[in-house]
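Have a look at the sequence and the 3D view first, then read on.

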Amino acid sequence: MHQENFQFFVGIDLGRWLHVASVADSSGELFAERGFAHSYEGLAETVDWLVELAQHDTGRIAVGIEVPHGPVVETLLQRGIAVFAINPKKLDRFRCRYAVSGANDDRRDAFVLADTLRTDRPRFQRLSLPPPEIIALKELLSARDQLIKHHVALSSQIRDLLVRCWPHLLTLAPRNRALDSFFCELLELFFHADRTHDLQLKSIQDLLKKHHIRRVKTDQILVTLQKPPFRVAPGTIAATSLHTRLLVQQLLLVWRQRRDSDQYLERWFKQAQLTSERKMPTDAAILASFPGVGAFVLASVFAYAHDAIRLRNLVALRNLGGIAPVTKQSGKRRQVLMRRARSQPLNYALHHWAHMAVLRDTHFKLHY
């Protein structure tokens, strides 16, 4: 849609509970302004108000906003209103046009967004609603990332408690920071109230068999578990045991949820590679054919660079992933720096992609 079709330019400054909408006409004059609450009623009334201003022709409305996601953006797009996003750093530069002193408030920021959209629309990125499966995939990846952080944090807390009283138990733990389910279930048996009943040879053997553990033997585990703890202040052992047991139960729940999310990604990975109705390989199948691409990498690329993949925009993909360097050159001075303005989840996925390709493919291993 061309700029000449827009006659009402709207800037929305988002707050936590209260937003401000400012409307500028095609000449840049303030046409209307209102605040609205962050609620279903407030958002619905504001969208209806904008539609009435445009005489029920949503094609005449263009909305500028800083945050390119959320209920405000999605509601506007569902009503057929064009929404454009601008980076807050760029908006900070545009703000100097209207106040050299740098003073700003919510109303002024909303008008700056509206008028800047009118004069510099190519600087804004037009937004579109992603398919429902992409929205669900991005949400799953976000939840999975939080589960991994919780996994690492709980593992570190448990290690600290064991170092305090039972450092010998850590010889049975994996070497990496995150504790595995085998060690957590072993700790659950060790810190159980009826320890003498649970710590039997049969229980240990069943646990080793269940998790396919070969790094330690049954006799080694029993000898380690029977070692006495440190001699600490009275009450410390009981309190630390309770604390550790609670953390282990939390970690086991996080581990099961993380396993479930990984299984969902694997099912999606297989389904996404199925041939389309035109008997042509899908984008997912093409990307999955590259060395180092698994369920996590493919899901991250599709979730965080959906438009770049759909439009075949390799430049945008490189910029979003932080692969394209930033060159600063003035006179005889020239610097090539890492791109910091990037999608961090996508950057991590691309880094993991390259790492796995080097490990699994001879060509990449020789090249790097």
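Predicted model: local features only at pLDDT ≥ 70, side-chain atom pairs only at ≥ 80, totals over all residues.

Residues are numbered from 1 along each chain as its sequence is written, and side-chain values use heavy atoms, with hydrogens and water left out. The names of helices (H or I, at least four residues) and strands (E, at least two) come from DSSP runs, numbered from the N terminus.

**Around α1**

Helix α1 covers residues 40–53. (The expected span is 1.5 Å times one less than the number of residues.)

Which residues of α1 are buried? They are Gly42, Leu43, Thr46, Val47, Trp49, Leu50 and Val51. Buried means under 20% relative accessible area, exposed means over 50%, and partly exposed is in between (1.4 Å probe, protein chains only). The cover over these residues includes the strands β1 (8–13), β2 (18–24), β3 (30–37) and β4 (61–65), along with helix α2 (71–78).

Thr75 sits in α2. Not counting residues up to four places away in sequence, Thr75 touches Leu43 and Val47, where a contact means heavy atoms within 4.5 Å. Thr75 and Val47 are 28 residues apart along the chain, and their C-alpha atoms are separated by 8.2 Å. A polar atom of the Thr75 side chain also lies 2.7 Å from the backbone oxygen of Pro71.

In the loop between α1 and β4 you'll find His56. Its phi is positive too, near 65°, in a residue other than glycine. Arg312 is another non-glycine residue with a positive phi, near 55°, and it lies in the loop between α13 (306–310) and α14 (314–321).

**How open are these residues?**

Here are a few residues with their relative accessibility.

| Residue | Relative accessibility | Class |
|---|---|---|
| His56 | 63% | exposed |
| Arg312 | 56% | exposed |
| Tyr348 | 48% | partly exposed |
| Thr75 | 26% | partly exposed |
| Ser300 | 1% | buried |

The 14 residues of α4 should span 20 Å at 1.5 Å a residue, which agrees with the 20 Å between its end C-alpha atoms. The buried residues of α4 include Asp109, Val112, Leu113 and Thr116. Among the elements covering the buried residues of α4 are β5 (82–85) and α3.

Helix α3 (residues 88–95) packs against α4 (residues 106–119) at an angle of about 95°, with the axes 10 Å apart. That makes the two helices, α3 and α4, roughly perpendicular, a label for angles of 65 to 115 degrees. On the α3 side, Leu91, Phe94 and Arg95 meet Asp109, Val112, Leu113 and Thr116 of α4. By class, this contact has four nonpolar, one polar and two charged residues.

Helix α10 (residues 236–272) and α12 pack at about 75°, with their axes 9 Å apart. So α10 is roughly perpendicular to α12. Leu265, Glu266, Trp268 and Phe269 of α10 make the contact with Ala295, Leu298, Ala299 and Phe302 of α12.

Ser300 belongs to α12 (residues 295–304). Leaving aside its neighbours within four places in sequence, Ser300 is in contact with Leu141, Ala305, Leu346 and Ala349. Tyr348 is in helix α15 (residues 344–360). Tyr348 and Gly322 are 26 residues apart in sequence, with 9.5 Å between their C-alpha atoms.

**One last loop**

Where is Asp180 found? Asp180 is in the loop between α5 (132–165) and α6 (181–190). Leaving aside neighbours within four places in sequence, Asp180 is in contact with Pro174 and Arg215.

Note on methods:
Axes fitted to C-alpha atoms, helices over the stretch in contact; angles between N-to-C directions. Parallel < 35°, antiparallel > 145°, perpendicular 65-115°, else oblique. Nonpolar A, V, L, I, M, F, W, Y, C, P; charged D, E, K, R; others polar. Polar contact = N/O pair within 3.5 Å; in protein donor to acceptor, adjacent residues only side chain to side chain.
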